[in-house]
Amino acid sequence: MKRVGKLKERLLSDENLGLAIDTVNKSHRWVGGHHPNKKVMYIEAKREEHIKKLRKIIENGFIQKPTKAKKRYDRNAGKWRDIHEPALWPDQYVHHALIQVIEPVMMRGMDYWCCGSIKGRGTQHGIKAMKKWMKRKKGMKYCAELDIRHFYDNLSPEVVMDRMRHLIKDKFVLDLCERILKDGVQIGAYTSQWFANTALQPMDQMIRDIGDITYLRYMDNLTLFSNRKKTLRKAVKKISGWLIEHGMELKGNWQVFPTKSRLPNAMGYRYGNGYTLIRKRALLTMRREIKKYRVRRKRHLPISPGMAYAILSRLGRLRHCNSRKIYESYVPNGTQKFLKNIIRDYQKGELTEWNTLLEQFREERATA
């Protein structure tokens, strides 16, 4: 694959830096307790000035600020994770500006069934594939489920940079990537999900080259199908070897099993021939959220936007599985419409409030 150069000009262009500022600002307007983010307000009020500042920071050699890990519980995975949230200014703006430029380059070698943290290839992309494959039966007699052990912790910057050098020849952009990776591939940084998926591209291609395998990867979770158990074991051995060679390893709980006796499990669902079931943990969490909602409605208590978002997110997962009985048993009629109205009113009020505060801030700055 031909390497891409001349990316520096696009990276430092007003259009790219302005888009990075707009994207980050949109999701950081409010801080804890729903208070306006003064830093974002200041950046929006003086947008052109901050575009110039951001360009100068990148040109002069961006230095990423060290971050402290915060423990957060991942309810879907059922475990605690160390999250490193980068500083807002200038780190997050630099991250977005970089990815906006190199995303098309990374997508050129991305496996079509690599899902998760990629535009247009989220869980829905993978779920549709799994449903389609399970219906056809051909080549689906056996399944292998694998997981990379402590993926982000063990993925070294050297492995990522080696892959980036195969894709990019612009030294300025490569130097910026190296600066961002100096503390490792950290969960919480916008760049990490892209670097992680890109680093595993050669492994994806190696699996494809084995042949007679249907393969899907959701970040560090791999699902393989074949009519021959021997082929899957060969693939597992090759994957394990590739990972060890690059400083990583498979979890010891990988399995190869016949799909006739056990349903494959991926992206929060279990897949059968013509039907899909949601995982028990996800169903239990949804039932608890719905129970809280019903109690508050019965007592005529207000439903917060946060609760509305959480429940709608859980209900959204039911669209991809056989859920008629779940709706009949646990979800009151009109729940989704009621919650959507809460969120719609909240977002309208939030946008109006933000525009009013921003206008007042600009007036104060003009008169100061």
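Is Tyr293 buried or exposed, and what is its relative accessible area? In this predicted model, local features need pLDDT of at least 70 and side-chain atom pairs count only at pLDDT 80 or more, whereas totals for chains, interfaces and linings use all residues. Residues are numbered from 1 along each chain as its sequence is written, and side-chain values use heavy atoms, with hydrogens and water left out.

Tyr293 is buried, with a relative accessible area of 3%; buried denotes under 20% relative accessible area, exposed over 50%, and partly exposed the range in between (1.4 Å probe, protein chains only). Phe338, at 28%, is partly exposed.

Across the whole structure, 9 aromatic pairs are found. Rings of Phe, Tyr and Trp (its six-membered ring) pair if their centres lie within 6.5 Å; planes under 30 degrees apart count as stacked, over 60 as edge-to-face and the rest as tilted. Tyr269 and Tyr271 form a tilted pair, 6.4 Å centre to centre with 55° between the planes, and both residues are buried. The ring centres of Tyr293 and Phe338 are 6.3 Å apart and their planes stand at 55°, so this pair is also tilted. Tyr293 belongs to helix H13 (residues 280–298) and Phe338 to helix H16 (residues 335–367), so the pair ties together parts 45 residues apart in sequence. Helices (H or I, at least four residues) are DSSP runs, numbered from the N terminus. Ring pairs also link Tyr112, Trp113, Trp133 and Phe225 into a cluster.

Charged side chains are also placed over rings, a term that requires NZ of Lys or CZ of Arg within 6 Å of the ring centre and within 35 degrees of the ring normal. Lys8 lies over the face of Phe172, 4.6 Å from the ring centre, and Arg317 over that of Tyr269, at 5.7 Å.

Technical notes
Helix = DSSP H or I, 4+ residues; strand = E, 2+ residues; numbered from the N terminus.
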